[in-house]
Amino acid sequence: MAAPDAVTKLKADPFKNHPRSASLWIDALKNVRRNRSAVLGLTIIGLLILIALLAPYIAPYDPIQSMIGQPGHTGQLPRKPPCIHLLGCSVEEPEHLMGLDLNARDVFSRILFGAWNSLRVGITSVAFAIIVGSSLGLVAGYASGLVDNLIMRVMDVLLAFPSLLLAIAIVTVLGPGLENALLAIAIVTIPAYARLARASVLSIKEFDYITAERTLGAPHGRILFGHILPNALTPLIVQGTLSIGTAVLDAAALSFLGLGAQPPTPEWGAMLSEARNYVFTSPHLVFYPGLAIMITVLGFNLLGDGLRDALDPTLNRF
Amino acid sequence: MSKLLRVLPLMLLVVLALGLAMPAFGQGFEPMSVSADSCDYGGAFQTIEAVDELTVRFVLCFPDPALPSKVAFSSLHIQPAEHLEATGGGGDLVRNPIGTGPYRLENWDLGNEMVFSRFDGYWGEPAKEPTLIFRWNSEAAARLVELQAGTVDGIDNPGPGDFDVIANDPNLQLLEREGLNIFYLGINNTVEPFDNVLVRQAVSYGIDKQRIVDNFYPPGSSVADQFMPTAIFGYTPEVEQFPYDPERARELLEQSGVALPIETTLSYRDVVRGYLPQPGVVAQDLQAQLAEIGINVTIDVQESGTFLDNADGGNLSLHLLGWGADYPDATNFLDYHFGAGSSAQFGDKFEEITGPLSAGARLAAPEDRYPFYIEANTAIRDLVPMVPIAHGGSGVAFKASIAGAHASPLSNEQFAVMEDPDDDNVIWMQNAEPIGLYCPDETDGESLRACEQITEGLLAYEVAGTAVVPALAESYEASDDLMTWTFHLRPGVSFHDGSSLDANDVVMSFLVQWDAASPLHVGRDGNFTYFQAYFTQFLNAPSE
């Protein structure tokens with residue numbers, strides 16, 4: 001009966017009694033969960049996404065409806081300060097948690113709807129930039145030579161412009177609007193990803209397993225997207241998360257300049273811009289959109305920092 | 001003998017010098033005179049001539065009772081003929097005006113400030129303070145902060161919400177400016193679907209003016225039921241406005257057969273004026289109101305100069321603009337906008353409007369003119385080239401210590417009468433930088449106010465009022481048919497460059513505007529909008 005025993009032993013997991021080293025991603029997830037700032041960031045972003053999706057159901061008013069002539073609304077309505085029943089505002093008055101804006105629209109509803117616009121711009125533009133930028137970087141790094149030179153010099157030229165200035169120039173050509181602002185922000189963020197991806201490819205393509213793959217005659221596409229890309233993904237994800245915050249800020253800046261969201265679209269940057277003359281007389285008009293932008297950017301930055309720590313193997317704290 | 005030899009060259013020198021100088025003394029005044037071959041060209045002037053050194057005569061093609069009011073306006077101010085020639089009628093002229101006024105331009109630091117210094121050779125009462133400084137900021141709140149901080153002595157157009165703040169501040173004085181203005185929504189009848197009169201009428205029915213005035217205008221403003229402000233001749237209470245009736249608006253749109261919703265653009269310039277204190281907010285409110293009746297507008301903000309050029313060129317579909325009185329008469333409002341010589345702002349002109357307007361402008365007696373204005377105002381209401389919305393009350397604010405501070409109903413405050421006991425200058429902060437200082441070719445009030453410190457016309461408006469008073473002309477008389485006007489110039493008036501005023505300077509200042517074929521008919525952009533609006537047509541106008 002000795003032989004079957006030996007077979008069983010051989011089939012048994014030799015690492016059964018060792019802690020199993022799970023895949024990189026599961027490790028990363030564990031690290032993220034352990035990282036307080038990442039968890040906080042993730043919570044903020046989760047809440048924001050929820051707000052953005054549910055805005056039509058939770059907003060008390062239509063964000064573009066002026067309260068002038070609406071039932072229960074009387075007196076001087078534009079720039080009316082917040083009225084919160086819990087804090088002693090007369091119950092006869094309609095409740096407006098964050099007051100009314102210059103056109104007598106409910107600021108709270110506009111902030112909620114604005115979340116959708118800001119997140120949409122942030123996430124879409126960065127996703128677009130990652131896809132285009134990293135593809136360019138991958139091709140450049142893998143192909144090297146003339147193609148590499150050509151792609152990277154174009155990226156250098158793009159990088160030479162101050163990013164907001166370039167975005168303004170692009171929007172000026174395309175015409176103002178949230179979609180065009182989104183595109184402009186994506187275009188100015190492309191070079192960062194191209195460089196990042198190229199740098200990763202340059203080091204990864206020298207590894208033995210890539211050489212082995214090549215020797216086996218694998219097609220370039222499979223090597224590039226099947227083997228190099230997955231290993232180059234980590235820095236792209238970290239950079240991506242961090243730059244969503246920047247993209248949200250850029251979108252707000254473009255809207256502030258009148259080049260982004262067009263009236264009456266609720267957008268935080270545009271709300272700030274409209275109310276900038278009333279900082280002292282009606283601070284609620286500037287405070288809440290400013291706060292919303294701050295919280296969003298903070299959320300993405302915390303998550304980005306946390307991800308960087310979590311995904312960096314040299315920082316493993318076992 | 002030797003003495004004689006020494007004196008002789010000296011005497012010769014004296015004789016020579018006298019000989020050289022004599023022709024200049026002897027050279028008499030050569031009066032200029034320019035005439036149109038006939039009055040067929042369509043304009044108001046037949047002859048402009050210098051009768052002698054101090055007399056100018058205008059012979060008109062049709063009677064114009066408003067001529068004195070017109071020549072007092074800054075677009076007809078007088079500059080030296082030599083200066084107009086030397087600058088070629090444009091170029092330097094736009095940055096460097098030479099006038100006869102109490103202040104002369106010292107320095108224009110573009111984008112920053114404009115400094116004026118007292119002109120010591122002024123014929124009238126000299127300016128109280130040696131220096132006058134113009135600054136600008138488009139933000140009402142920022143202007144008020146500067147005034148409160150004491151960095152400026154006076155500001156134009158405080159924000160609607162700040163009137164109480166200023167009135168309650170013992171260090172400041174608030175001066176309200178009468179709403180001799182009109183804010184309107186212009187409609188271009190050459191752009192589809194606004195070529196359909198039913199659509200234009202629907203817009204007129206669909207705008208709740210009361211709501212706009214109540215919520216976005218300062219105290220002292222009123223709803224406009226006509227283009228004419230109520231206090232100015234030409235306002236006709238008999239003509240009832242279209243009421244606010246969104247139901248009727250929707251019906252009209254349906255009748256018009258135009259596909260709904262209508263998609264169009266609403267343009268405006270983001271500058272504060274007395275007639276429009278909160279442009280962006282009002283634009284958004286109108287956007288919301290028009291959406292209610294089925295007109296979706298995209299808001300389009302343009303730079304001020306570009307916007308005015310686009311509006312005058314008829315390149316906009318819906319636009320927000322306004323007008324402040326230059327002189328208190330119907331011709332200043334109605335003829336400028338709807339008369340035969342008006343711009344393409346509202347698209348094609350209507351015979352129903354231009355007809356009564358030109359008839360009314362040629363009569364002198366108000367009771368004879370009045371029926372024509374009833375007719376014109378009725379046609380304007382029915383054909384809707386624009387929707388009048390509000391007469392904006394506005395104001396100016398000064399430090400309480402400034403003596404002589406005033407608000408002019410024509411927005412041409414005269415700073416020469418103001419005195420600052422604290423220092424040697426008066427610093428004024430207005431809404432925007434002047435565009436140019438050759439005011440025959442400017443229409444923007446911010447530019448005109450700067451010109452009005454430097455240059456003067458034959459007549460002037462009284463300080464803080466609208467009455468016409470003598471200026472460069474001491475007196476004038478008109479023939480009984482109001483066709484021939486003679487102005488007698490004030491002797492001994494000198495320009496800022498030291499030359500003295502004569503009748504030829506007056507003729508030349510008019511001629512460069514009147515004669516489109518003149519090589520000096522250049523200006524900043526060459527439109528001379530006011531001249532054409534006042535006098536219908538240029539001489540030698542290029543055929544279209």
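In chain B, 6 strands make up an open sheet of mixed pairing, ordered S10-S14-S9-S13-S11-S12, where strands are DSSP runs of E with at least two residues and helices are runs of H or I with at least four, numbered from the N terminus. Strands S10 (222-223) and S12 (295-302) of chain B lie at the edges with a single partner strand each, so one side of each has no neighbour in the sheet; pairing requires that DSSP finds at least two bridges between two strands. Within this chain, S9 and S13 pair in the antiparallel sense over 7 bridges, and B:Ile182 has B:Trp323 in S13(B) as its bridge partner.

This is a predicted model, in which local features need pLDDT of at least 70 and side-chain atom pairs count only at pLDDT 80 or more, whereas totals for chains, interfaces and linings use all residues. Residues are numbered from 1 along each chain as its sequence is written, while chains are lettered from A and ligands numbered from 1 in the order in which they are written.

The elements named here with their residue ranges are as follows.

| Element | Residues |
|---|---|
| S9(B) | residues 181-187 |
| S13(B) | residues 318-324 |
| H9(A) | residues 220-256 |
| H11(A) | residues 284-311 |

Helices H9 and H11 of chain A pack at an angle of about 170° with their axes 8 Å apart, the axes being lines fitted to C-alpha atoms over the stretch in contact and the angles running from 0 to 180 degrees between N-to-C directions. That makes H9(A) roughly antiparallel to H11(A), a term for angles over 145 degrees.

Methods:
Parallel < 35°, antiparallel > 145°, perpendicular 65-115°, else oblique.
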